[in-house]
Amino acid sequence: MARWSLTVNGKPYEVEAEADMPLLWVLRDLLGLTGTKFSCGIGVCGACNVHLGGELVPSCSISVSAVNGRKVVTIEGLSKETTHPVQQAWLEEQVSQCGYCQPGQIMAAAALLEKIPRPTDADINRVMARTLCRCGSYPRIRKAIQRAAALGGKP
Amino acid sequence: MNSDHSPARREFLVTTAAAGTGLLLAFSLASCARSASSDRGSKDFQPNGWLRITPDNRITVFVDEAEMGQGVHTALPQLLAEELEVDLTMIEVEQAPVDNSVYGWQSTGGSTSIREGWERFRQAGAVAREMLIAAAAQTWQTPAEACVARDGVITHIAGERRATYGELAAMAAQMPVPGNVRLKEPGDFRLIGKSQPRVRGEDALNGSARYGVDVDIPGLLVATIVHCPVFGGRAREIDSKKALAVSGVRQVVEIDSGVAVVADHFWAAAKGAGALDIVWDFGANADISSRTIRQLFSRHADDFAGMEQELAVALAGADRKIEAEYHLPYQAHATPEPMCCTVHIHDGICEVWSPSQKPSEVQAVAARFSMSSAEYLLQRAKNKLLKHSFDSVRVHNTLLGGGFGRRLKSDFVMEAVQIAKAAEAPVKLIWSREQDIQHGYYRPASLHRMTAGVDENGSPVMWHQLAVGASDYGSPYYDIPVSGGSTVDVNTGVPTGPWRSVSHSWNAFVVEGFIDELAAHAGEDPLAFRLRLLKRQPRLKAVAEMAAEKAGWGEALPQGHHLGIAIHPGFGSYVAQVVELSADKTDGIRIHRIVSVIDCGRVVNPDTVLAQMEGGILFGLTATLTSAITIRKGRVEQSNFHDFPILRIDETPPIEAYIMPGEESPGGVGEPGVPPIAPAVVNALYAASGVRIRELPVTMDKLFS
Ligand code: FES
Ligand code: FES
């Protein structure tokens with residue numbers, strides 16, 4: 001086991017873990033940040049989406065050794081009081097059903113708007129297609145992204 | 001009038017809140033009382049809902065139904081708030097603790113929550129309101145008629161006095177429970193029928209919502225499990241050397257259903273599970289496959305000779321006989337949150353945290369597996385006698401990351417209890433996605449042989465559905481002089497269970513597919529054909545007409561676009577859906593639009609109804625277009641979302657969902673969106689291509705073979 005240091009939501013952490021432990025489980029089981037969800041474990045559902053150095057990544061598919069010294073933002077760190085425009089738009093459109101996929105959806109949408117402040121439907125399809133919702137909240141996700149874009153997209 | 005025997009009197013019970021201050025009102029939902037195992041408090045009284053008002057003016061509603069995305073933690077309190085005269089924002093909602101003796105049997109399924117809560121939650125709000133008014137009237141020495149409840153405050157109509165509910169709560173608790181309460185006329189509703197945002201809606205958006213997988217308690221270990229890949233098999237030899245060598249792994253435990261690895265965290269457990277060397281005894285099912293199951297179904301269908309005399313006579317007298325055979329595959333629930341459960345056995349108590357649709361069964365299962373058989377039997381006998389539930393089990397129901405019927409089963413609870421017992425430590429069991437896809441309780445595969453006799457105008461004079469492998473056949477709601485069905489139960493070795501909309505998921509597909517075939521045989525427009533056979537079904541007819549109108553049925557469509565319709569009654573609601581699509585060899589199947597209309601009677605929270613319809617349609621569309629569970633060598637061939645794909649946002653067509661205003665008592669909304677979408681799609685594909693698809697999921701080769 002080795003020691004790793006990483007910054008999560010602006011806070012520095014030191015963890016002891018095997019090099020191949022995925023960031024997802026470092027966050028959930030070592031740091032107690034359970035907002036990031038586990039669903040597929042193989043990088044195909046997006047439930048575990050986080051921002052790594054500003055990029056959207058499925059945290060189940062990146063190991064702790066690859067995030068050593070880097071900055072991670074999770075759903076808990078997106079805003080202090082659920083005030084990020086994406087979160088606000090999500091609330092206004094009442095997107096969430098069971099809610100389990102929503103942290104991943106929101107992290108994906110926030111990353112999209114960071115890069116493309118005025119996304120087209122095609123942009124939304126391209127970026128959001130990798131984050132699944134079994135409850136079928138997609139029509140509202142699309143509307144909420146457009147609403148968030150109108151709100152300015154970024155915090 | 002003898003108020004002691006009025007319904008309200010018997011079904012409400014007042015207790016002062018724990019410290020003797022405030023009002024605690026217990027009430028019961030009739031349906032739950034039916035199956036409740038015991039009573040406590042007054043005779044025959046089995047409350048399963050609670051309303052608490054404390055002096056600090058906090059109003060809490062305890063809801064025994066599980067929240068899994070269907071919005072029940074918003075809609076039920078909304079009913080109560082309407083009569084209590086408070087805003088939904090003034091109410092805190094909590095999951096009721098599980099105690100069969102207090103809350104009755106708790107189970108959430110069958111789209112029943114609002115249907116059963118409609119009267120009782122409103123009555124509970126009204127009873128509390130009247131008692132608060134009585135308390136104010138007594139304090140102010142004024143007739144109750146002079147007091148008005150509004151926004152959490154009782155005011156004297158003369159205007160000089162006011163008191164908050166909190167201030168009156170302790171005194172209200174001393175007031176007699178009113179024998180009869182008047183409920184508002186629908187015209188006076190301020191909340192019911194108006195969209196209300198989700199209660200605690202932010203929790204899901206900032207990571208603070210706690211699901212089963214998120215449970216954390218001191219000293220918690222994490223386990224994962226490996227089941228025999230073949231249904232019903234068992235481990236013969238387990239070599240756990242390599243698994244135990246994985247850093248963080250504590251223990252390997254064999255339990256009834258498989259082999260579990262207990263570790264410091266999930267990643268170590270999962271790695272350990274991957275390192276297990278197990279020799280399996282595959283048991284009796286090693287040779288079954290989707291192909292052999294289908295052959296078995298066909299043999300049973302061939303052997304069937306049980307059509308009722310009346311049907312056979314009508315068929316013999318018909319102008320023409322039309323037959324068709326339909327097939328549906330197994331389906332997995334694929335809840336986004338995998339199966340999980342946390343168990344801590346301490347101080348003679350078994351504490352369980354589980355995301356469950358049936359917490360009462362969780363309690364029973366935990367009792368059964370946390371004690372020795374002798375202890376359990378003794379306890380059970382005692383409980384029966386004393387009308388108690390298992391005091392030694394404490395169940396905390398967490399939020400559910402999807403249910404869809406999968407969490408009506410408690411297999412994962414049994415496992416977690418057995419593992420925690422062996423580990424002698426608190427354990428959180430989390431299944432991998434692979435285990436979840438391969439060890440579910442699937443929507444059964446089935447074969448349906450449809451037979452209709454039609455007259456010279458093409459109108460059906462008889463109808464029969466032979467359902468093989470399915471527990472249930474569809475009742476045709478069309479005007480057909482004689483109709484019926486038969487089921488043949490077949491034990492295939494594949495575990496099955498309820499899947500969102502249960503038997504409606506296969507029956508809508510075959511009934512609405514076959515009626516479309518009859519319309520084609522008659523050379524009639526599929527909508528017109530249906531409408532003329534719906535004379536006795538005004539609500540179904542109305543939704544069909546509205547959906548057709550919204551979809552532009554009969555009007556000019558863009559080049560290459562075609563429409564298909566399906567309707568379906570179920571769970572007390574009536575739904576019609578129209579699909580607009582195009583299909584050709586180069587571009588494949590493209591759905592351009594889905595129009596949906598539901599008549600679910602009186603609507604409590606319209607936005608929730610629309611969300612459930614959108615979600616139901618997309619859940620059904622996944623099973624129509626992209627995914628199926630198939631069996632080979634006794635195992636499920638799929639293992640994760642790459643080969644059991646869930647519909648994605650870029651594959652999601654625009655959905656227009658409408659609610660038909662209704663006055664009838666509320667129908668269910670969690671499931672009715674699912675059944676019509678598959679037949680609406682295949683009916684539209686027939687319109688587009690002339691090819692009749694009778695097997696799900698729809699694939700390009702079925703369409704263009
Ligand atoms: S859990 Fe990481 S992508 Fe699915
Ligand atoms: S809201 Fe349930 S999976 Fe997306």
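**Entry 1: Gln435(B)**

I looked up the side chain of Gln435(B) in this predicted model and found a polar contact with the side chain of His227(B) at 2.6 Å. I count a polar contact as a pair of N or O atoms within 3.5 Å; within protein, one must be able to donate a hydrogen and the other to accept it, and residues adjacent in sequence count only if both atoms are side-chain atoms. Gln435(B) lies in helix 15 (residues 433-438) of chain B. Helices (H or I, at least four residues) and strands (E, at least two) are DSSP runs, numbered from the N terminus. The relative accessible area of Gln435(B) is 11%, which makes it buried (buried is under 20%, exposed over 50%, partly exposed in between, with a 1.4 Å probe and protein chains only). Leaving out residues up to four places away in sequence, I find Gln435(B) touching Ile225(B), Val226(B) and His227(B); contact means heavy atoms within 4.5 Å.

**Entry 2: conventions**

I number residues from 1 along each chain as its sequence is written, and letter chains from A and number ligands from 1 in the order in which they are written. Because the model is predicted, local features need pLDDT of at least 70 and side-chain atom pairs count only at pLDDT 80 or more, while totals for chains, interfaces and linings use all residues; side-chain values use heavy atoms, with hydrogens and water left out.

**Entry 3: the two domains of chain A**

Chain A splits into domain 1 (2-76) and domain 2 (80-151), with bounds from an automatic or database domain assignment. The contact takes 17 residues from domain 1 of chain A and 14 residues from domain 2 of chain A. Their centres, taken over C-alpha atoms, are 21 Å apart. I note a buried area of about 1,200 Å² between these domains, 62% of it from carbon and sulfur atoms. Buried area is the accessible area (1.4 Å probe) that two parts lose on being put together, summed over both.

The count between domain 1 and domain 2 of chain A is 1 salt bridge (a side-chain nitrogen of Lys or Arg within 4 Å of a carboxyl oxygen of Asp or Glu). I also find Glu55(A) and Lys115(A) meeting in a salt bridge through their side chains, at 3.1 Å, N to O. On the side of domain 1 of chain A that touches domain 2, strand 3 (49-52) and strand 4 (55-58) each supply at least two residues. Strand 3 of chain A gives the largest share of that side, 3 residues.

**Entry 4: chain A against chain B**

Here the contact takes 47 residues from chain A and 58 residues from chain B. The area buried between the chains is about 4,300 Å², of which carbon and sulfur atoms give 60%. In chain A, Gln97(A), Tyr100(A) and Arg134(A) lose the most area to chain B, together 19% of what that side buries. I find 5 salt bridges across this interface. Lys37(A) forms a salt bridge with Asp214(B), the closest N and O atoms being 2.8 Å apart.

**Entry 5: backbone checks**

Leu696(B) and Pro697(B) are joined by a cis peptide bond, with omega about -10°. I place Pro697(B) in the loop between helix 20 (677-689) and helix 21 (700-703) of chain B. Gln94(A) has a positive phi, near 50°, and is buried at 15% relative accessible area.
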